[in-house]
Amino acid sequence: MACDKSFCSNYLLLSPEKAGVIDLLRILIYSDVHKREFVDFSEEGEESFERRWIMFVSILAQKLLLLVAKPLSLIGSVIEFWLNLLSSNRNFGRLLVNCFRGKVVIPDRESGSYISIVGYLDKRVELDNRISPGDSEYHAALSMMASKASYENKAYLQTTITHHWQMDFLGSYNFWNDYQRKVTTQAFMLRDRDTIMVAFRGTEPFNAADWCLDVDLSRYELPGVGNVHGGFMKALGLQKTLGWPKELDPLLKTPAPFAYYAIREKLRSLLGENDKVKYVLTGHSLGGALAILFPAILAIHGETWLMERLEGVYTFGQPRVGDDKFGEFMERVLKEHRIAYFRFVYSNDIVPRLPFDDSASMFTHFGRCCYFNSKYQGKVIPEEPNKNYFLPLQVIPMMMNAWYELMRSFTITWEKGPSYKEGLLLRIFRVIGLLIPGIPAHFPQDYVNSTRLGGAQLFLHQQ
């Protein structure tokens with residue numbers, strides 16, 4: 001099916017399924033990339049080696065992910081099921097006893113007690129009772145807990161939101177990706193008094209489709225807006241034959257709805273004529289990118305009414321979404337409609353530092369960064385330190401910080417209380433973080449801790 005690109009003024013589209021090994025090598029040797037079948041580029045001429053290297057890495061990463069997609073998913077399912085099996089039977093010793101008795105409790109993947117791998121990294125369910133509605137950090141803390149919960153199934157969400165948080169659960173949804181021809185995007189909605197919250201799910205660790213979205217560095221230049229990350233646009237609902245029409249064709253049939261259009265219609269219905277009801281967008285990782293991209297498409301479509309009802313966007317560990325021009329466009333839009341944008345970054349988290357901010361990749365952040373160090377001390381700064389991660393001078397400090405985080409995992413319970421206890425799975429990743437410090441720093445645990453322990457101080461200074 002041909003891709004209609006009339007909605008954009010410029011584009012660079014990468015198709016890993018069309019690239020062979022020889023093709024990948026040629027892109028490093030020859031600069032005429034527009035002649036390659038797997039590169040659809042609106043500009044002719046030669047490309048620099050730096051940009052060709054980025055294309056090479058993006059295509060190679062996607063091909064490898066597509067190659068290991070099924071075994072990766074199987075491994076993730078086995079690990080997740082094993083963790084839930086242990087939990088359902090209390091521990092390994094009890095599981096052995098139940099085996100001998102023939103009374104093994106088999107976990108149900110659709111039940112409210114079944115938890116994802118991300119959920120096992122941070123098993124907290126309750127909100128912090130020291131943070132109340134009206135507190136400056138309340139929405140940030142609730143947003144991060146909602147972002148963490150977005151990785152779970154519908155039954156878990158319903159139980160958590162209605163029974164533990166005492167809020168209204170409005171539904172969880174799966175959304176269609178027209179380019180991958182399958183469901184790749186998930187989100188849920190809740191209502192807390194006069195605020196509706198939309199939480200987008202981030203990248204699942206063993207989901208190759210999610211990772212392909214992240215590393216797909218295709219880009220579209222939207223007139224008057226700027227260059228935007230192609231993978232994130234596809235996840236939010238970009239249509240292959242129509243682009244971004246303001247309204248969907250009523251005759252269009254897909255196995256699942258498109259994220260942007262379905263959420264927009266749901267918000268129109270829920271917000272109604274009550275001006276007191278506002279909404280908030282949030283997400284962790286990939287979910288954060290979708291949360292900030294959503295108002296961009298609203299602005300492009302001239303959805304003034306919905307823009308006026310948007311109270312804020314809270315993202316955690318969000319990757320870069322667009323270029324400088326996109327950032328300028330978004331800052332104007334957010335300022336015009338008085339929309340608060342809080343982009344949280346914890347310590348050496350690698351994801352907010354990707355894709356690289358340089359002349360070759362063209363991606364950059366916009367707005368202010370709510371940065372927290374490993375002691376959960378927060379400050380608002382223009383850009384996170386070590387913005388491209390691979391700075392040689394930062395290697396030793398990052399390694400030292402990783403050792404500190406590993407030791408802290410054994411002492412934080414005594415210092416901050418039992419709700420900050422870290423489990424064995426997270427500590428294993430802390431050990432891995434001694435070699436790659438940015439990996440465990442991306443997990444929800446440290447972002448939840450940051451909003452609870454450092455949020456009040458950060459928002460107080462901002463005021």
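Pro-355 sits in the loop between strand S10 (340-346) and strand S11 (369-372). This is a predicted model, and in it the peptide bond from Leu-354 to Pro-355 is cis. Its omega is near -20°. Most peptide bonds are trans, and most residues other than glycine have a negative phi.

Ser-347 is not a glycine, yet its phi is positive, about 40°. Is Ser-347 buried or exposed? Its relative accessible area is 2%, so Ser-347 is buried.

Now compare Arg-181. This residue is found in the loop between strand S3 (168-177) and S4. Arg-181 has a positive phi too, near 60°, and is not a glycine. With a relative accessible area of 46%, Arg-181 is partly exposed.

Follow the chain into strand S4 (residues 182-192), where you find Asp-192. Asp-192 counts as buried because its relative accessibility is 6%, under the 20% limit. What does the side chain of Asp-192 join through a polar contact of 2.7 Å? The partner is the side chain of Tyr-138. A polar contact of 2.9 Å joins the side chain of Asp-192 to that of Arg-193. Leaving aside residues up to four places away in sequence, Asp-192 touches Tyr-138, Leu-142 and Met-167.

Next come the helices. Helix H3 covers residues 92-101. At its start, a side-chain oxygen of Asn-91 reaches to within 3.2 Å of the backbone nitrogen of Gly-93. Just after H3 comes Gly-102, with a positive phi of about 70°.

Helices also pack against each other. Take helix H9 (residues 259-271) and helix H10 (residues 286-300). Their axes are 11 Å apart, and the angle between them is about 80°. H9 and H10 are therefore roughly perpendicular to each other. Which residues meet here? From H9 come Tyr-260, Ile-263, Arg-264 and Leu-267, and from H10 come Phe-294, Ile-297 and Leu-298. By class, this contact of H9 with H10 has six nonpolar residues, no polar ones and one charged. An α-helix has 3.6 residues a turn, so residues three or four places apart point the same way. Look at the H9 list again with that spacing in mind: it includes Tyr-260, Ile-263 and Leu-267.

A second pair is helix H13 (residues 395-416) and helix H14 (residues 424-432). Their axes come within 9 Å and cross at roughly 160°. That angle is over 145°, so H13 is roughly antiparallel to H14. The crossing of H13 past H14 is left-handed. In H13, Glu-405, Leu-406, Arg-408, Ser-409 and Phe-410 take part in the contact. They meet Arg-427, Arg-430 and Val-431 in H14. Sorted by class, the contact of H13 with H14 has three nonpolar, one polar and four charged residues.

The tour ends at helix H15 (residues 444-453), which contains Gln-445. Gln-445 counts as buried, because its relative accessibility is 2%. What does Gln-445 touch, not counting residues up to four places away in sequence? The list includes Leu-121, Asp-122 and Arg-124. Tyr-420, Lys-421 and Glu-422 are also among them. Leu-426 and Arg-430 complete the list of residues touched by Gln-445.

Definitions and conventions
Residues are numbered from 1 along each chain as its sequence is written. Side-chain values use heavy atoms; hydrogens and water are left out. Axes are lines fitted to C-alpha atoms, for helices over the stretch in contact, and angles run from 0 to 180 degrees between N-to-C directions. Helices (H or I, at least four residues) and strands (E, at least two) are DSSP runs, numbered from the N terminus. Angles under 35 degrees count as roughly parallel, over 145 as roughly antiparallel, 65 to 115 as roughly perpendicular and the rest as oblique. A crossing is left-handed if the near helix is turned anticlockwise from the far one by less than a right angle, and right-handed if clockwise. Contact means heavy atoms within 4.5 Å. Ala, Val, Leu, Ile, Met, Phe, Trp, Tyr, Cys and Pro count as nonpolar, Asp, Glu, Lys and Arg as charged, and the others, Gly among them, as polar. Buried means under 20% relative accessible area, exposed over 50%, partly exposed in between (1.4 Å probe, protein chains only). A polar contact is a pair of N or O atoms within 3.5 Å; within protein, one must be able to donate a hydrogen and the other to accept it, and residues adjacent in sequence count only if both atoms are side-chain atoms.
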